[in-house]
Amino acid sequence: MQHDIQRLRRIRQTPQMRDLFRETSLSLNDLALPIFVEEGADDYKAIDSMPGVMRIPEKRLAYEIERIAKAGIKSVMTFGVSHHLDATGSDAWAEDGLVTRMSRICKETVPEMVVMSDTCFCEYTSHGHCGVVHDGVVDNDETLHNLGLQAVVAAQAGADFIAPSAAQDGQVRAIRLALDAAGFHQTGIVSYSTKFASALYGPFRDAAGSCLKGDRKTYQMDPMNRREAIRESLIDEQEGADMLMVKPAGAYLDILRDVRERSNLPLAAYQVSGEYAMIKLAAQAGAIDETRVALETLGSIKRAGADLIFSYFALSLAENKILS
């Protein structure tokens, strides 16, 4: 027998050993839950392409926030399903619009819940694009002004973080200036700083009731671009973001690692609807073990460098005591 063989299996022999030598840990502190809130709805609405995820009727939001907090989840990202659509998405900055009502209900119900307000217009515009459209093109600078308006009303309603997902150039700087001018110096910005024009968003559009025709390739990123992806996040850092984000997560672990190595800011990743749906549907077909694959994929995102993961699995993992 050769005596110079390194036997790594020595540290894998028992569950206790495996726990002791595990390099990456995963807990509820690493997860935030995205939620969909529909105004005017009488009941929950199942999202067929996202098994297990429901649109929450606005009148049940307080109950759901209590449930989420009781399960041990510390943060939610709010997405509205609006029935007040127009060309600019003006309900998103109305003082008593859906954006403000969601933040207000969450904070009044569970004050310690960290509320992140998704800041965009795709759920509030009649055309489904993320800003003001002129001649078929999203007007970047006019949209920046409106993002500032939305950010301020969300902050007034109690949102702890503004989370701009509109993918407009200069959006972090515009929001920071608007928040500071309104006196909200303590309200943070979680920027969707590297957001790809991904095919994995399909189920989200069902969840949010998107009416988009066409695509967002002129303002979201080409999935094949690595250097540009890094630039996007570093620019948002310079503009004043408090946390960066890579979206989607699983198909972009290389980008997540790239950003992690170049920035000291907290870094989030979004395990998007398509990633969630693939796992759920494969599990329903008996092809995989849902819980094991959910934990494995979330673990890979954490291992690649994410400090926080937005995941639709968060609530089930919490309520079933799989994570604590």
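Is R216 buried or exposed? R216 is buried, with a relative accessible area of 6%, where buried means under 20% relative accessible area, exposed over 50% and partly exposed in between, for a 1.4 Å probe and protein chains only.

This is a predicted model, in which local features need pLDDT of at least 70 and side-chain atom pairs count only at pLDDT 80 or more, while totals for chains, interfaces and linings use all residues. Residues are numbered from 1 along each chain as its sequence is written, and side-chain values use heavy atoms, with hydrogens and water left out.

The UniProt annotation "binding site", from an unreviewed entry, covers R205 and R216, although such annotations may be inferred rather than shown by experiment.

Helices here are DSSP runs (H or I, at least four residues), numbered from the N terminus. Leaving aside its neighbours within four places in sequence, R216 is in contact (heavy atoms within 4.5 Å) with C122, G128, H129, C130, R205 and S210.

Elsewhere, the axes of helix 8 (residues 253-262) and helix 10 (residues 290-304) come within 8 Å and cross at roughly 30°, the axes being lines fitted to C-alpha atoms over the stretch in contact, with angles from 0 to 180 degrees between N-to-C directions. Helix 8 is therefore roughly parallel to helix 10, a term for angles under 35 degrees. In this pairing, L253, L256, R257 and R260 of helix 8 meet S300, I301, R303 and A304 of helix 10.

How values were computed
Helix = DSSP H or I, 4+ residues; strand = E, 2+ residues; numbered from the N terminus. Parallel < 35°, antiparallel > 145°, perpendicular 65-115°, else oblique.
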